[in-house]
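Subject: Structure handover

Hello,

Here is the structure we spoke about, with the sequence alongside. My notes follow below.

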Amino acid sequence: MTTFLTFTILGLVLGSVYAIAASGLVLTYNTSGIFNFAHGAQAMLGTFLYWQLTYGWGLPMWLSLIIVVGLVGPAMGAALHTLIMKGLRDTADVTKIVVTVAILLGMVYLSQWIWHPEDARIMEMFFGASAKIELLGVVIRAHEIICLVVAAAIAVGLRLLFTRSRVGVVMRATVDDPDLLRLAGHNPDRVAMLSWAMGSTLAVLAGVLITPIGGGALEANQLTLLVIDAFAAAMFGRLRSIPRTFAGAIVLGMTATYVMAYFPTDWTWTGNFRVSLPMIILFVVLIVLPQDRLRVAAVRTRERYRVPSVRSAATWGGVFVAVVFLLSLLMEDSSITTFTLGMTFAIIALSLTVLTGYAGELNLAPLSFGAVATIVAFHFGVAGTGLAAHLSLWGVLLAVLVTAVVGGVVALPALRLRGLYLALATMAFGVFLSNMVLRDTTEHTLFGVTFSLFPNGTLIVPPLKVGPLDLRDPLTFLLTAAVLFALIAVGLVALRNSGYGRRLAAMKDSPAAAAMLGQNLVRLKFGVFMLSAAIAGLGGVLMAGASGSVAGDNFTIMASLGLVMLTVVGGIGYVSGALFGGLMAGVGFVIIIGTFNDLAMADPAMGTVYTSIGQLAMVATALIGMGVGKNPSGTVHDLVGSYRALRNAKPVLVGGAAAEAVLYVLALTGVIGNWWFAILTACLGMMLPVLGRMLMPAAVLGAEEAARRRSTPLELAGVEEPYTEELRRRLDRELGLPAGAAPATPRRTGFPLAAEEGDVHAVA
Amino acid sequence: MNAEPEPLLELVGARAAYGPIEVLHGVDLAVGPGSVVALLGPNGGGKSTTMKVCAGLLPLTGGELRFAGRRVNGVTAQDAARLGVCSIPEGRGVFPNLTVRENLWVATGTGATLAEMEEAAYTRFPILGERRHQLAGSLSGGQQQMLALSRALGTDPAVLLLDELSMGLAPMIVTQMYDTVAQLVAEGLSVLVAEQFARAVLPIADTAALMLHGRVVAVGRPGEIEDQLSSSYLGG
Ligand SMILES: Nc1ncnc2c1ncn2[C@@H]1O[C@H](COP(=O)(O)OP(=O)(O)O)[C@@H](O)[C@H]1O
Ligand SMILES: [Mg+2]
């Protein structure tokens, strides 16, 4: 009985902290329509700051609390809204998700930069672990009482806010109809900002409360994921109802503690199961609860993609393989292997191009599907031993097939869900896989077979060997990966140009309309999801082969999120975006950090500066991810657009190609180092469109636009040309004068304000 | 100087677009102080778009929007509301998941107090007073439209924009609604009202404008315009 009571109290405490975190999430989702994946990261950042103030600098607890929860929390939320979220109106679900994912990653990188991950940091319970009371034989600590009281106070406070204050009522109205709110004289942006400030405060509060409960150790990834567990609670309330969210949170907390209490101790996987439980519940809740119906109107979004023809894709595929070959001549074996690794990531990223770019659905855990394939290949695909060990073609095919099936199984229940929910389901799968399968390192016996899924925590995966093709040779591996990438990419472009691809695009633009046209959406989504999982699986096996050995850490949800973000930054609608994203996520970071660490070693006096620059580069990448809100079509789209403009400026293009050829020869003959070659190539690539515009404006911009750019400056207007009506209007406009002949004295007309105000814009 | 009173609300060559698709191709329209202008025309002619432009919900891509003779292109909807433009959008201008009273509370965004709002609304429409704690979404169509119109009653605007007030309502309710509008006009309010079917609004309109394919093609006395409207319907 005492055990039961003890665990019930513990469950309630855990549930109450989940409730605090989840209510913040619901708040921001409702007023701005953005599901904040960074919620957990905000909690993490706030908690680290609290630790720094209290334990690092020795401020009194109450002062740190005021600073962190009272000031930093709201300021962080308000800043996020003003700088980023406000700009996300009219963007696709995918863009909204990726931007918050980028914020999540940016915050994690930032915290790892400021607070080195290898130092241990412990946070005590409030008033210490020894401050406790005993009730009916159950020991309750002061910290736990605080959690319960705070959660209850927040529940009551939110209730009062939403029913008894105008601003709360206006917040609820935002959900219904922001335009109508404007017509009533409110500013929905300000309302949303307030709710972001509140949501962020709740996140920070939850982080500070939950850390001591979870053991007290501060670790950025873990703490971020801990609050992500609250997603399941929010889903109980279908992201709308705060009371139901609270109920869901309590259920979640209780279940987790009862699992700890009552599962037999000789089940080796209980601990893993308990950690995965919120994600399992999230998955189940997503499937069981009825979701919003499809919206009928097409979503008008700002993302734009051009579809290349199969022929041009094939040409570019050939060029790509040739360029990879030429580059490989510049590299040593170790760099070639790194390059290969990046190429395999690019293949995984292609799985996102077809799923997200073409079909508009999101998979937040592509690497988890790679992990599934790797496990299958490891168990069933390795032939030979020792140095002769290799992966067989059949092994790889089996792995890809199994992954496709697993993809189908994961997606099937979630197929009728809208983008956000499918994204959450894949994330739940990814976290579950990391916690349960990739940590399944001890042996079990089931039906007489003794096995473990992930023996010893590392899988040694030898490279593929098919007939004479042996990928043990680095250059062969690189070229094979490049050819595979090109083949899949061209295949995807062909798919996009086919009737099937057009159906996918129709589904992406307007699911409801596509359904009305008689498309079977479930089958369409199912097929594309399996295809995508298969591609991710192939990339995953190759990736494992290129690394030689992989551990659970290679497939974490954070790594997956990084890949997704960078692919969107590159351009999710393009196969070249996948190349960019894969190379950056796979090896870009490693190279950047590695280079600056080498520099730091070589020059110890400047060591910290160089290391900081390396870290800064990571944070900067996340900043680019946040910029996706401004430029949702991706960098590749812009680059292609600027080169498309150069089409008529042949001399510029030829000149650029010649300059690049010279650079290459210089690099090949060792006159300039590879770094200089890379940097100069990047500069040349970016400068060429600008140069083109300067040198041949008429060819690049078109005659009309070029003429407009040359138009008369304002102060010279009318001097050398006739003073026309058109010109007079332009002057009026530029000088901000009222149009037409302004009356000498504006009469009072019945407008309460307009007649007195000099300029209406000033009223804002 | 000018003998004619300056219009309170005026569109000059107004153009507006949804994304790349231009819907208004140069609309000229003026609402004088204390007058009622009926904007008539078939479905898809651009009436609702014109209303959105006047209310500040949709930016102009060309031409001018003027309040009391002043160019206010780019004014936000909330500023337009504070300046005295009260707009009741097409469909039901209420928040379905808020109660009647909460709806009135939200309507106080332009400066009125909740007490004034409730007073004005419940006096004119006693039924709303009886249902003050009911969710607006559960009211009948007519009651919802009364609630929407209450915003105009309590906030004392200078111009009222009404879009399809009569849509989906029983004729008797429509008459009652326009009686209310007529009383507001008698107190000095100016009104721009968009209707697909002219019958309901003609008795209170001073001027009517016929809108076709994103342009105002005729302005005149309500009777004349109605004739043109029916011929434009017959002519396609
Ligand atoms: N939100 C919108 N997005 C794109 N086009 C729209 C939108 N609303 C209306 N339209 C188009 O604008 C045109 C004018 O519509 P509207 O102003 O609603 O006309 P009316 O109110 O006279 O029926 C129509 O062709 C309609 O299809
Ligand atoms: Mg309309």
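Helices (H or I, at least four residues) and strands (E, at least two) are DSSP runs, numbered from the N terminus. The model is a predicted one.

Backbone, chain B

With those element names, B:His213 sits in the loop between strand E9 (207-212) and strand E10 (215-220) of chain B. Its phi is positive, about 45 degrees, although B:His213 is not a glycine. B:His213 is exposed, at a relative accessible area of 62%. B:Asp156 also has a positive phi without being glycine, near 55 degrees. The loop that holds B:Asp156 runs between helix H6 (141-155) and strand E7 (159-163) of chain B, and B:Asp156 is exposed with a relative accessible area of 64%. As background, most residues other than glycine have a negative phi.

Magnesium site

Which protein atoms are donors of the magnesium ion (ligand 2)? They are OG of B:Ser48 and OE of B:Glu90, lying 2.1 to 2.7 Å from the ion. B:Ser48 belongs to helix H1 (residues 47-55) of chain B, and B:Glu90 to the loop between strand E6 (85-88) and helix H3 (100-106) of chain B, so the pair ties together parts that are 42 residues apart in sequence. B:Ser48 has a relative accessible area of 17% and is buried, while B:Glu90, with 39%, is partly exposed. Water is not among the atoms, so sites may look incomplete.

Salt bridges

Over all chains, the structure holds eleven salt bridges. One of them crosses between chains: B:Glu102 pairs with A:Arg172, and their closest N and O atoms are 3.0 Å apart. B:Glu102 is in helix H3 of chain B, and A:Arg172 is in helix H6 (residues 166-176) of chain A. B:Glu102 counts as buried, at 8% relative accessibility, whereas A:Arg172 is partly exposed with a relative accessible area of 24%.

Helix H3 of chain B also holds B:Arg101, whose side chain meets that of B:Glu118 in a salt bridge (3.6 Å, N to O). B:Glu118 lies in helix H4 of chain B, so this pair ties together parts that are 17 residues apart in sequence. B:Glu118 is buried, with a relative accessible area of 13%, and B:Arg101 counts as partly exposed at 27% relative accessibility. Elsewhere, salt bridges that share partners join B:Glu10, B:Glu64, B:Arg66 and B:Arg71 into one network.

In chain A, A:Asp119 and A:Arg121 form a salt bridge whose closest N and O atoms are 3.9 Å apart. A:Asp119 counts as partly exposed at 44% relative accessibility, and A:Arg121 as buried at 6%.

Helix H4 of chain B

An α-helix has 3.6 residues a turn, so residues three or four places apart point the same way.

Helix H1 (residues 2-32) of chain A has 31 residues. From first C-alpha to last, H1(A) reaches 45 Å, close to the 45 Å expected at 1.5 Å a residue. Of the 31 residues of H1(A), 22 are buried, so the helix is largely enclosed by the rest of the structure. A:Gly33 follows H1(A) and has a positive phi, near 70 degrees.

Which residues make the nonpolar surface patch of about 620 Å²? They are A:Val590, A:Ile591, A:Trp675, A:Trp676, A:Ile679 and A:Leu680. The elements giving two or more residues to the patch are helix H23 (575-602) and helix H27 (674-695) of chain A. H27(A) supplies the largest share, four residues. A:Ile591 has its place in helix H23 of chain A and counts as partly exposed, at 35% relative accessibility.

Regards

Key: Residues numbered from 1 in each chain as written. Chains lettered and ligands numbered in written order. Predicted model: local features only at pLDDT ≥ 70, side-chain atom pairs only at ≥ 80, totals over all residues. Heavy atoms only, no water. Donors = N, O, S within 2.8 Å, 3.2 Å for Na, K, Ca; no water. Buried < 20%, exposed > 50% of the residue type's maximum accessible area, 1.4 Å probe, protein only. Expected span 1.5 Å × (residues − 1). Patch = residues over 30% accessible without salt bridge, like charges linked within 9 Å, V, L, I, M, F, W, Y side chains within 5 Å. Areas by Shrake-Rupley, 256 points an atom, 1.4 Å probe, with all protein chains shown as cover. Salt bridge = Lys/Arg side-chain N within 4 Å of Asp/Glu carboxyl O.
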